[in-house]
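Visitor: Hi! I'm new to looking at protein models. Could you walk me through this one?

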Amino acid sequence: MGSLQIRSDALERVSDAVLSFDEHNRYTYVNERAAEILDVDADSLLGEHIWDGFATSQGSQLQDAIERATRLDRDIDIEWHDSGLDCWFEGQIYSDETGLSLFFDEATEQGTRHQDLDRAETLFQNAQDGLFVIDVEKQGERFRVNRVNQAYEALTDTSVDELQGKTIRDLADEHDSAAVREKYEECMRRREELRYEEQLSIFGDTSRWETSISPVIIDDEVVQLVGSTRNITDRVERESQLRKYEQIVQQTGHAVFSTDADGEIQYVNPAFEKMTGYTSGEALGETPSLLSSGEHDDAFIADLWETVLAGNVWHGEIVNERKDGTQFTTRHTIAPVTDESGAVTNFVAIYDDITERKEREEELREKTRALDKAPVGISIVDPSQDDEPLTYVNDAYSEITGYDEDEAVGQNCRFLQGERTDPEQVGQIRAAVDDATSAEVTLRNYRKDGTEFWNQLLVAPVRDDDGTLESFVGFQKDVTKRREREAEIQTHLVQAQEVGHVGSWYLEIEEGTLSWSDECYRIFGLDPDQPMTYDRFLEFVHPDDRENLENAWHAALDGEPYNEKHRIVVDGEIRWLHETAEIEFDDDGHPVNGIGVVRDITDQIERERKINEQKRRYESLFNSIQDPIVVTDETGRITNGNPGLTELFGYELDDLEGQSLRTLVATEEDSLELRDQSEETKSELRNTVRAGYQKKCGQEFTGETTISQVQNSGGDAVGFIYQIRDVSDRERNTQQLKVIDRVLRHNIRNNMNALMGHAEIVQSKGSGNVQPHVSKILEVSQDFVRMAEKQRKITTVLTDPPAGGVRDIVPTVESVITEIERQHPAADISVSLPETCQVLATPDLDKAFRELLKNAVVHSDSEYPSVTVDVWTEDGTATVSISDDGPGIPESEWKIITQDAEIDQLYHGNGLGLWLVREIIRQSNGWLTFEQNSSTGSTVTVHLPTE
């Protein structure tokens, strides 16, 4: 294949469009990419003038660049717009004595880098809350307004010109300034978001504000505070008014509760608690059915709801049921609460207990029916008769127990008891009867069919108007399902505590009795049957934490929250716990008991410690890397950098923070290329690109840039990391090496051709005495030309290494073997190949295989050289073994292969080809090994990665 064809094929494989022109600006070469862009046939342009192909670019920046490149005889970078193609192009013009070459491609659209910044500014300026940025100066000695948004101006009725650049002392009086500075200093000290309410007179009348501020930390220093604020003066006033109304409702003697539109109770007053027996905590979140007695049918309830949902007030009587199961009749007023659109948002109910009045009215007429149809089991005992027999049971009683009225009346209540009935519970009932008082217990009873059930029993004495005891009434409720659910819930609770390493405790403060869950005992390494006290608990607390924990507990007894992390010592091992607790107070404000939750957070603390250590290691590594590192957010704004950035570019980090990465980039084209490659990392995570950069002094250089993502904990990209390496010296050396290579190859080829020409003349006309000398001259000259050709290949490999990729080497090996067999028919080449062998390598592998096979054949002493080629894959490595029967490779040359020696001025071997092999294999991330065969010859083995 001729050199012109090789160069043409190489140019066809590049991704850029390529055009070449002679000294008269006429086309001499057009590759496929250029023909595609210009939408012409490549051959039709050959010999035509440049503007025949770029007619609509004539007079543009392209024409000016071509004229400058011709006039100055140097390379020119160019960007131009072709009006006919309606497209921007970017490229380079190369000029020499033979003409011009133009490498170009379509350029990325301009201006996209500002979109994210514009979006962020729009959000800032259009936020409803007032947003502000405060510069922290001299480590908090001064706080100066950097900027505010439009909402902030509107809220404060103050323009940005009146605020920007002013310190807090400039804007506020001494009192307000001190208050604001105190919060700013606290935020700096805590280094976390701070939310608070404040009362300020900075902007006219005294007003209340809800403010949130967060620190901006760079290089472990708080440099700015960013915050938001809103005026809550009206809300505070409304809340104050609401509290007044709430106090009125709290003090009224009427029971009051309110619900949301779905009927969920949101508020009850003290009269409600007293009247129903349910505390606020028990009632909130429930529906009014909590008080349902079952006395009202669906039509009654439907009428009630129809009235209030229509926006009308409902009045009527409702029979409710207290927590203790007793019923009471109330006179209800239920009113809907509507919003501005008239939609019902809440309901408010106010009622009085009219039970006594209703009982007096219904006592004679309804007593029997009420007892018979009551939803709970009811029984009456006559204490005046022997053995206190039952004189009445209702239907519910029969349903619960299975005994008809005839079977139950006349018997003592004990006939429902059995072997598993708790004697202690029975004793409480016996005592209540003896003392003629009420008692409520839940005990295990037995039905007629022998099955057990849990009976929630309320026993109460019945007296006449004179106070004389007449009878006892009992109310029975089958709570078997509830008890089973409670037992199941308790079992699940214990299991949940074990799984989550969470224990619970209950402390009777006055007695000092401390009850622990099983998980608490496990956390403290104790047997569950050991009694616990608060003092014994303190013995487990780490000595260094004991005082702080006691102070926190005493504060909790005074009403402060209890939320503490502390250490305990169990069998010499330190564990970390997280405790939270709530204290219950009596009506006089004295603490009565406490209930708390304990969680073992030892593993969490250890994980946090390891994370902090890892963070410190990363920071140390970040600062120790010599190459400049730039960190940006998603919009391309610089957020961080290492000392190497300052050293190379000459900027202080403070000067760059918040600036666009474009500040460091030489041209707009480089900036767009970096942005495109950064976007590529969202799918490839890491990317490498070369770009032009500009130092603060104005000097430009080429940087090899590795781009990677910054990800948050959720794996989303939140920024980019750019590691820049100055490769300008390397590029200059490469260009110089290319120039020297071209000059040497030109001179060597011309001079050696001349030398061989003269030698051939002498050989044809000279005497027989000179013939051996002439032959030697020709042989050495041909070797020298071949060596120069190898040197060209080596230079190409060094200066323009092709990109690596996945390729099958089996077709490559087969092609090279076929070529060598054609050139050397006497050679006997045996080969063992798999069907396929994928490796990660450069496309120059064929050159390496060709050099090794040719050496094996050419240097053989045999008339019929024998060569064996084996290819196999094992453990992620592909191996190509080439064995010959020749004299073996000299030690000086195989050391070149294995990198045990380098070529220097004292080297006189033929190792340039082997050195070329070594470089190709090295660029493919492979390695070479060499060994002498046991009889004759040697084996060279190539090892290549498969992944």
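Visitor: What does the chain average in pLDDT?
Guide: The average is 82, and 84% of the residues score at least 70. Over residues 110-115, though, the pLDDT is below 50, and this stretch has 11 contacts in the model beyond near neighbours in sequence. Where pLDDT is low, the predicted coordinates should not be read in detail.

Visitor: OK, new topic. What volume does the second largest pocket have?
Guide: About 1,700 Å³. Of the 39 residues lining that pocket, the closest to its centre are Thr-355, Glu-359, Lys-367, Ala-370 and Leu-371.

Visitor: And which element gives the largest share of its lining?
Guide: That's H15, with 13 residues. Strands E13, E14, E16, E19 and E20 each supply at least two residues as well.

Visitor: How do the lining residues divide by type?
Guide: There are 14 nonpolar, 6 polar and 19 charged residues.

Visitor: Let's pick one residue. Is Ser-471 buried or exposed?
Guide: Ser-471, which lies in strand E20, has a relative accessible area of 12%, so it counts as buried, the cut-off being under 20%.

Visitor: What is Ser-471 in contact with, leaving aside neighbours within four places in sequence?
Guide: Its contacts include Ile-380, Val-381 and Pro-383, and also Ala-460, Pro-461 and Val-462.

Visitor: And how far is Ser-471 from Glu-388 in space?
Guide: They are 9.4 Å apart, C-alpha to C-alpha, and 83 residues apart in sequence.

Definitions and conventions:
Residues are numbered from 1 along each chain as its sequence is written. This is a predicted model: local features need pLDDT of at least 70, side-chain atom pairs count only at pLDDT 80 or more; totals for chains, interfaces and linings use all residues. Side-chain values use heavy atoms; hydrogens and water are left out. On a 1 Å grid over the protein atoms alone, a cavity is a set of points where a 1.4 Å probe fits but cannot get out, and a pocket is an open set with protein on both sides within 12 Å along at least five of seven lines; lining residues have an atom within 4 Å of a point. Grid points are joined across faces, edges and corners, and a volume is the space filled by probe spheres set on the points. Helices (H or I, at least four residues) and strands (E, at least two) are DSSP runs, numbered from the N terminus. Ala, Val, Leu, Ile, Met, Phe, Trp, Tyr, Cys and Pro count as nonpolar, Asp, Glu, Lys and Arg as charged, and the others, Gly among them, as polar. Buried means under 20% relative accessible area, exposed over 50%, partly exposed in between (1.4 Å probe, protein chains only). Contact means heavy atoms within 4.5 Å. pLDDT is the predictor's confidence in each residue, from 0 to 100.
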